[in-house]
Structures are given as structure tokens and as C-alpha cells.
Amino acid sequence: MNQTETFGPIGRRQFLRAGAAFAALAIAPIKLLASMVRPEGAFQATTVEATLAELGMQPVESSDIVLETPNIAENGAVVPVTVTSSIPNTSRIFVMVEKNPNPLAAIFDIPEGTEASVQTRVKVAQTCLLYGLVEADGKLYMTTRETKVTLGGCGG
Amino acid sequence: MAGRIRIRAQKQGEYTEVKALMRHPMETGMRKDAAGEPIPAHFITEVAGKHGEKVVMSAQWGAAVSQNPFLGFRFKGGESGDEVSVSYIDNKGETGSGSTKIR
Amino acid sequence: MTTRKVLIAALAVVVPIASAVADGGVFDEYREMMGDDNPAIFVIEEGEEFWLQELGPKQVSLETCDLGLGPGVVAGAYAQLPRYFADTDQVMDLESRLVHCMVELQGRDPEDVHAKPYSLRGDMGTEIEALAAWIADQSSGVPIAPGQDQPQERAMYDLGEQLFYYRAGPHDFSCATCHGQDGARIRLQALGNLAKHEDAASAYASWPAYRISEGVVRTMGWRMRDCFRQQRLPELIMGSEASVALQMYLAVNAAGAPMSAPGLKR
Amino acid sequence: MTIMKIKWAGLLAVTLVPIMAVADQTYDVLSQSMRAKNSVSMDRLTQDSLQAYCSKPRDEANYSTAAAIRESRLAAIAMPADGVFVGDWRQGHDVANNGRGLQYSDDPSQPNGGNCYACHQLDPREVAYGTIGPSLTNYGARGQSDVMLRYTWTKIWDTHAYNVCSHMPRFGAQGILTEQQIKDVMAYLMDPDSPVNRPVEE
């Protein structure tokens, strides 16, 4: 499965074999983890305030969270986000996008032994604040950062 | 087509860095197709990353995660040659998974 | 036309494939964060599967399709397109050649093959897009060297140049309106002067490309079609003479630079 | 002056003959390579004389006839019927930002955009501006005289009246924008309250 380990444009010659292996794996589990309980209300909420109300926690600003997002995104369809927490006992990381139809984008559970840092890419409908939230010892902390989403193209 | 996940897992000191790319449309349910018909919501709701049988990352996603999603994280304790796997389930109950060995 | 010959002769040029600097570097941070994790990797896999799949009334694969280097030879073939094919007596690009193989080898209906070559909103990809991604990937690092030995190939370049400067439509746009100047940009997008080697090389070498705004791999033929849409002109037909001619014009201008597709685009 | 005009017109005719022959071939190829779609018909491919004249690599263009073209186009500018050049800058902002209109993917019931930002810097706070055309930031400082109003109107209506074979569309002459939309863009450029003319606060 060496082929599966590189993403670069060169040196991938025998995918079909690897692909067949993936296809077999893809029929595996139905429920991923019995422990997951989805806070559906929070995912359905349409404002940051309503999302926090659904989560039942009010965050305090913290400088111990680093939220890395670009100042300017070439395209709002794919905006890279990294959230890193140095708050002890960080158990969950949340990513919210202020002006999306549903601000809550993702929740990451951080088990013991996993670094409190996650990378993902989210859709950002328009220029607005991105939120990195961290839950530790039952308390919620947050930091925010603005990402500008630009218009592009000859045709608008 | 859908269901595939490509993973890189690389040892970095005491941590293993995992990067996973998943083949998925991540439709919000708010878009219309070329004929003006709504495209139904179709997005990953749960993701799990495992080192052998141990869960080292789990996540719950909404439709705002980008198409063909990317997930990166680091965990302690992996050794070269150990298996790392990532799997997902989406709002239609469809699943995907992939695995690799730590380099 | 002497410039053209010089360009082809200069095969050993190293061309930076980085994005042009016209956007003043405002997106550098964004691009760095995007990294090299290009979802085109899935499409490349799917392309190879399509190549090997037995399809059409004749239930055969495309494995004996001749992309210019002999039946079934894919490695390096994309870098030498467009080129003249004696069996059709035509200069063909990848798309028109694939259609030819699907019709001749697999016995498929040309109308069906042409019906939906490119993804529409909500699609994850088409057969043509996947095949193009895989075939172009099989030319990674190979210098761009389109056919220019045959008179038909040279005539195609000249036609492409005429098309590049042809202004029409309510906005008076030609390709050159946006892509004929050094260092210019539209909004924040660097455009490149595609009449010149360096810019043509960085553009041509990176197509087909995964477009993050659309979540699919787009082909060079699609890029031509979409430029004409933005020029307010009618819809360009895949594999048509104008499409092949413009790709020939760009490929010759880019000649010598190594292919680096599928790229990752806005 | 009349003699001059005839002379220029003669030159124009001589120059256009070989260009037209090549253009015919290019037109034939395009018309066989394209199909009409939605609101965009095949007659879009037919060039007018200006388009044919300007369809050359710019450094090869022969501008011996340019003065005649300039004069004839200047004479054809339609100044605002009511003599009012300036509309509402807020509406002008929308026109300047809107890049849609007249593509086969566009809804013909929606107003066309001017897409000024594709090529020009305007409001200094907007980061996403193009550089094909010159920066128009603080354009109002160039003056509000009648001459300036007429000059600006003309540039938007048919830029070739001053700059033959410019890249800029003929927004008035080709009917891309309405008279009212052009007035609004004029206001966006020239009104002292427009963000184009307001400096960035520190």
C-alpha cells in the first residue's frame, strides 16, 4: 500500500490495485463509534448565539487557543483551518463560521494521547469571523479570526 | 467512487502525524443543480481515526466542511509499520474507510 | 513564427510552476495552508479504472487506444498533444482522441459520448474528466512537446493564434483581452500573458486541474469553453477545431516546460 | 478637415481588406466549433468593423487609421438625454461589483453588471480589484467640470473614442449598461461621498 502514502502529482502508477483494497474496506462498519452523540440542535442552529445556547456553555476568550486561517481566501468553498489549544485537559475542539447558514461546522473529540490540534477545511459563505472553541474540564474557551472571501473571475 | 479515503501517517518524534483526504460531495442541501432542482443534502456526519483498534480521533461534522474533506491530527504512541485507519459515515448511512501503515 | 521554432528547440528550460506574482502575494498564505493535498488524486484513480473498464457495444477497454505514441502507450502521451493523427487525417487534442477511441474501439454512439463531457453542479466528475486526469498525470515531469512537424499541425497553431486575438460579442472580448498582458490580474486572479512562453508554460502545464471552487477536475478543453462563456460567446464544442487550435497555440507557446498536472486551482 | 477625413477613410479601407480575409476564416472555424446556448446566439461571432480592426496582436496593430476611427466614434456618443450625468453612487457600487450579464449562464431577466472591479481599483478598501485598467481610486479629485463629465461619460459609453483598440467594453454603444446604470457608475466615480473618493481611515 505504498501508493496510498503520497498525495503528490508524481509517482502514482498502480492505483487500481490499491483502489480495489479500499473498495473492500468500504463495506465495513455501519455505526462508527457507539459513544458518539450528535448535538443535532447545535448543528441546526442558525446563529453563533443560538449554537452556544444549544451547546449549553458560554465561552470566555482565551489566548491559549491558536486559530490559523488565511487572511484572504481565494475561494470560500475551501478555507483551511487549524485550531491548536494549549489549555490543559482539552477534550473537544469546535469550529464555527459566523455567517454560514449553520455556523457550527465541526466538533473534534480529543482523546488522551492525541494532540489538541486539528486541521480541516471549511466552507465560508462570505467574509466573516471564524471561531475556534475549546472545551476543557467542562468549561468553554474561544478565539476568533476574520477571513476575507474574495470575488473572482471575469464573469463574477 | 465515493467511500475512498487516502491517508498519510508519518512519525514525527513522539507523535504520529495523520493526514486524511476523503472522497465525498459534502452537499449542503441548499444548492440547486444546472436544471434548477435542489441537490439533496449529502454530507459526512461522523469520522473516526484509529491506531490499530485504539480511537485516536473522532469528529462530528456538519455540511460546512468542504467537499472532498481533509482532516489532519497528531497522536502519541505510533510506531513505524503500525496500521492507522480512518472511516466515516454520512447522513445517508453510507460509509467510507481507508488505512495505511505509519512511515 | 521564428519565435515558435526557438521555443521548441529550447527544451531544457526550467519553468517555475508557481502561481504568477500579479496578485502581489496576497494568496501565498492561503496556498501554503492548502498544501499539496490535491483531491485530484481520487480522480486519477477513477480515470485509470475507466481506461481499463470494458464499455460500449463491443465491451472492450480503451487499453488499445492510440494517443499518439502507439496503441496503449499512455506514459508521456499527453505532453505531445495536440498532434496530427494519420488514421483520422486530423490534428486532435486529448478529448477528441478519446472520443475517437470510444467510438471506434468501443463502438459507442458519438452523440452519447458528447452528451455531457464536463461535470455540472453537484457532479463528482465525468468519464472524460477522470480519463484526462489520469492520462495527464502519466505525463508528469515530461516536457511539453506538441506536434509541429506536419503542415496540418503548424496550420493549427496559426489558426489558434488568430482565434486568440479574435474580438467579438457585446463586450468585444478576445482571449488576449485578459491573457495578452504581462503581470495583469482580474480581481485578484493572476492571468498570465499566454502569448509568452513563461506564462503559457505555467498555465498549460497545470491543466487538467482540480478546481476547489467546483470540487471537480477540469480539462484544458473545458478551460477553453469556459473562457468563451466569459467572453459572452456561444458554447464551444468539445474537441472542435477551435478548441484544438487554441490548445495547440498554448501548448506550442508552453513547449519545453515539464507537465505538472493535475494542478490545484482556485 | 474634410480632405483629411477622406484620406483616413481610404487608408482604413485598404488596411481592413487583408484583415477581413483572415477574420472570415477564423469566423468560419468558430461558427463550426460552437453552438448557440440559452440567450447567446451564433450571431455573437460576427465581428463589426471595430472588432475586426482590433483583432491583432497589439504590437502589430497598425494605428494609421486610428484618428479616423476615434473621430467617428466620438461623433456617435449619446450624451444623457436629460443632460444629467450623475446618478446614485450606491447603485453605481452594485454595477461596479456585478460581473454577470450576457453570458449563456446568466439569467437574462437580471440587470447586466459593469464588472469595473475586474480591471480597475476603485474603493481603496476593496482588496479584490484587477489591474488590466488603471486605478480609478479618488477619481473625483480629477475635477467635476463639464469637460470632465463628458470625458468620463464618453470613456464608459465607447472607450475607443479616445483609445482605439482599448480592452474595455463599449458599455453604452453596445447596450451592456442602461443610461441610468452609466449615470450611477459616474456617481460612484465622481461623487465626493462615494467610497471611491473617501480615503482609508487609519
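This is a predicted model: local features need pLDDT of at least 70, side-chain atom pairs count only at pLDDT 80 or more; totals for chains, interfaces and linings use all residues.
Chain C has quite a few pieces to keep track of: eleven helices and eight strands. How does its radius of gyration fit with a compact globule? For 266 residues, such a globule would have a value near 18 Å, and chain C comes out at 18 Å, so the two agree. The C-alpha trace of chain C spans about 55 × 45 × 40 Å along its principal axes. A lot of chain C is tucked away, too, with 63% of its 266 residues counted as buried. Then there is the matter of which residues touch which. Looking at contacts in chain C with a separation of 6 or more, 72% come from residues 24 or more positions apart.

Some of the strands in chain C come together as a sheet. Three strands make up this open sheet, in the order 6-5-8, and their pairing is mixed. Strand 6 (216-218) and strand 8 (263-265) of chain C sit at the edges with a single partner strand each, so one side of each has no neighbour in the sheet. From one strand to the next, the twist averages 35°. Zooming in on one pair, strand 5 (residues 209-211) and strand 6 of chain C run antiparallel and are joined by three bridges. Within strand 6 of chain C, the residue standing opposite C:R211 is C:V216.

Chain C also meets chain B. Ten residues from chain C and 15 residues from chain B take part in the contact. What kinds of residues does chain C bring to the side that touches chain B? Sorted by class, there are five nonpolar, two polar and three charged residues.

Over in chain B, strand 2 (residues 15-22) pairs with strand 1 and with strand 5. With strand 1 (residues 5-12) of chain B, strand 2 runs antiparallel, and eight bridges link the two. One example is B:Q12, which stands opposite B:Y15 in strand 2 of chain B. These two strands form a hairpin with two residues between them, and here B:G13 takes a positive phi near 65°. Strand 2 of chain B also pairs with strand 5 (residues 70-76) of chain B, again in the antiparallel sense, this time over seven bridges. Here B:T16 has B:F75 in strand 5 of chain B as its bridge partner. As a general point, side chains in a regular strand alternate between the two faces of the sheet.

Conventions. Residues are numbered from 1 along each chain as its sequence is written. Chains are lettered from A and ligands numbered from 1 in the order in which they are written. Two strands pair if DSSP finds at least two bridges between them. Helices (H or I, at least four residues) and strands (E, at least two) are DSSP runs, numbered from the N terminus. Axes are lines fitted to C-alpha atoms, for helices over the stretch in contact, and angles run from 0 to 180 degrees between N-to-C directions. Two residues are in contact if their C-beta atoms, placed from the backbone, lie within 7 Å. Ala, Val, Leu, Ile, Met, Phe, Trp, Tyr, Cys and Pro count as nonpolar, Asp, Glu, Lys and Arg as charged, and the others, Gly among them, as polar. The radius of gyration is taken over C-alpha atoms; the globule rule is 2.2 Å times the number of residues to the power 0.38. A residue is buried if 20 or more other C-beta atoms lie within 10 Å of its own, exposed if 12 or fewer, and partly exposed in between; C-beta atoms are placed from the backbone.
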